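User: I'd like to learn how to read a few features of a model. Can you walk me through them?

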Amino acid sequence: MQMIINGEKRDSANGKVIEVRNMATQELIDTVPAATVEDAQEAIEAAQLGAKIWSQTPVYQRVEILNRFSQMLRDNKGELARLLSTENGKLLVQAEGEIETAAAIFDGFAAESKRLFGQTIPLEIQPGLEKDLMITKREPLGVVVGIIPFNFPAELFSFKAGAALASGNAFIVKPPEDDPLTVIRMVELLHEAGVPKNVLQVVTGYGEEVGDYLAKSPSIQAVSFTGSTEVGTMIAQNGAKNLSRVFLELGANDATIVCEDGDLDAAVDFAIAGRLLASGQVCCSNKRILVEKSIYEDFKAKLVDILSTKRIGNQLEQGTDVGPLINEGAAIKVEEQIQHTIGQGAKLILGGRRVNEAFIEPTVLEVTKDMDIAKDMEMFGPVFALMPFETQEEAIEIVNQSNFGLNSSIFTRDITKAMDAGNKIQAGVVSINGGTVYRPICCAFGGYKKSGIGREGILYTLEEFTQIKSIVLRGVM
Ligand code: NAD
């Protein structure tokens, strides 16, 4: 596929490409341009003009276009989900779910943008201003750049592009290197739905080259980045130089607490569903599992029993439970992290091996709170790190010892214990009697500490991507 700059499907200025492969079979699916900074600059210039046109387009017209696009996503769900599953490695059924979520996100932002009202404020509350009336309105920022990670490209593109377009901004997307195809296809469909050519650009290429260039540009007004904390920190530093707005959704090491009065079966099921989704490559999956000592052995036995039946294989085939990781390097990294944790004293209970280049067996490790895996080492694979605990206070302390704080969860039937955890855990979401993988489209999703800055969701991102203007009628009252 080609990238799309100012409505034109194009190769890179220097003709270089990035290969996109199906990691289950190693087959080459397609290539995309490895854009140069000159390409990125052209996208920025087109978007600056696009921002003017789009901000003047009435909300109802923008809404019509975005709703048309959501319908196109639903109509093309089969094709898009297959493309996403093939390039990403997640199961077909998971890819279908992601396309449905993408459509709901666009619909949600479109609907909410109709209510992005300002205020009318009589100024009689301040002596001397009794006769003044203030009117506020929200205006788009201009050009928003969205940088997308590999794990949920369609969904995360939708959170960023949906919000930017619904609120009247031009948008430039830099998709992930490994699986950019679904995002390009979605941009094509958005143009077909009626988004003007210069309002939406897709620039494919390497993060450290075009991602960096786009995010650093003084001609853009905001960057919305989802990805690693390391890259997010650089983007924040660069954004500070231009005072552009920076929204960051970053890494995590989310924890689940399972208390002895919780529903053990549900806790096991949620843990497995959360950690096998996208082969464990989910920001908010339950990477640490803390189980009360009295039920620890039961939990472990049930978990291992079920996981032993899970099949790794081709993500497009029925009966597969765990697909490949995004690339071989990612699987090697997880393999090394497993070995590192064993080296620190962890006990390997199940799995632990990398197979057929990019697959990791579902793996269970018994770990202790002083190990890296129990703190800040984010593991992006189907690895279950189990830890026993004795008191809830101790469990919460372990949860909070991480520098990350995205989602969290607790299983208990005691509302007092549940609320205690809800109040004390340092994370954006505390889910009670459910898994950590929880992101309804209206959620104020985002992290505490090094998991990010800002909140992404239908009710929040439109505000983040707009600014308030106050128009004052002096002496009219
Ligand atoms: P990554 O940081 O390596 O890459 C993310 C994106 O940034 C890619 O498009 C990449 O090309 C680009 N990039 C890389 N270097 C860049 C630079 N110097 N300047 C600008 N852009 C650059 O992350 P990844 O491996 O794709 O994704 C995994 C990470 O994302 C994990 O840490 C995960 O927890 C996190 N994540 C967080 C959330 C969340 O909502 N908090 C959601 C999904 C993933």
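Analyst: Let's go from the overall fold to single residues. This is a predicted model, where local features need pLDDT of at least 70, side-chain atom pairs count only at pLDDT 80 or more, and totals for chains, interfaces and linings use all residues. Residues are numbered from 1 along each chain as its sequence is written, and side-chain values use heavy atoms, with hydrogens and water left out.

User: How many helices and strands does the protein chain have?

Analyst: Helices (H or I, at least four residues) and strands (E, at least two) are DSSP runs, numbered from the N terminus. Here the protein chain has 14 helices and 24 strands. Its radius of gyration is 23 Å, close to the 23 Å from the globule rule for 477 residues, so the chain is as compact as a globular protein of that length. That radius is taken over C-alpha atoms, and the rule is 2.2 Å times the number of residues to the power 0.38.

User: What share of the residues counts as buried?

Analyst: Buried means under 20% relative accessible area, exposed over 50%, and partly exposed in between (1.4 Å probe, protein chains only). In this chain, 55% of the 477 residues count as buried.

User: Which elements do the buried residues of H12 pack against?

Analyst: For packing, look at contacts, meaning heavy atoms within 4.5 Å. Helix H12 covers residues 392–400, and its buried residues include Ile396, Ile398 and Val399. The buried set packs against strands E12, E13, E18, E20 and E22, and also against helix H13.

User: Where is Asp11 found, and which residues is Asp11 in contact with beyond its sequence neighbours?

Analyst: Asp11 is in the loop between strands E2 and E3, and is partly exposed at 48% relative accessible area. Leaving aside neighbours within four places in sequence, Asp11 touches Gln2, Met3 and Pro33. With Gln2 there's a side-chain to side-chain polar contact at 3.3 Å. A polar contact is a pair of N or O atoms within 3.5 Å; within protein, one must be able to donate a hydrogen and the other to accept it, and residues adjacent in sequence count only if both atoms are side-chain atoms.
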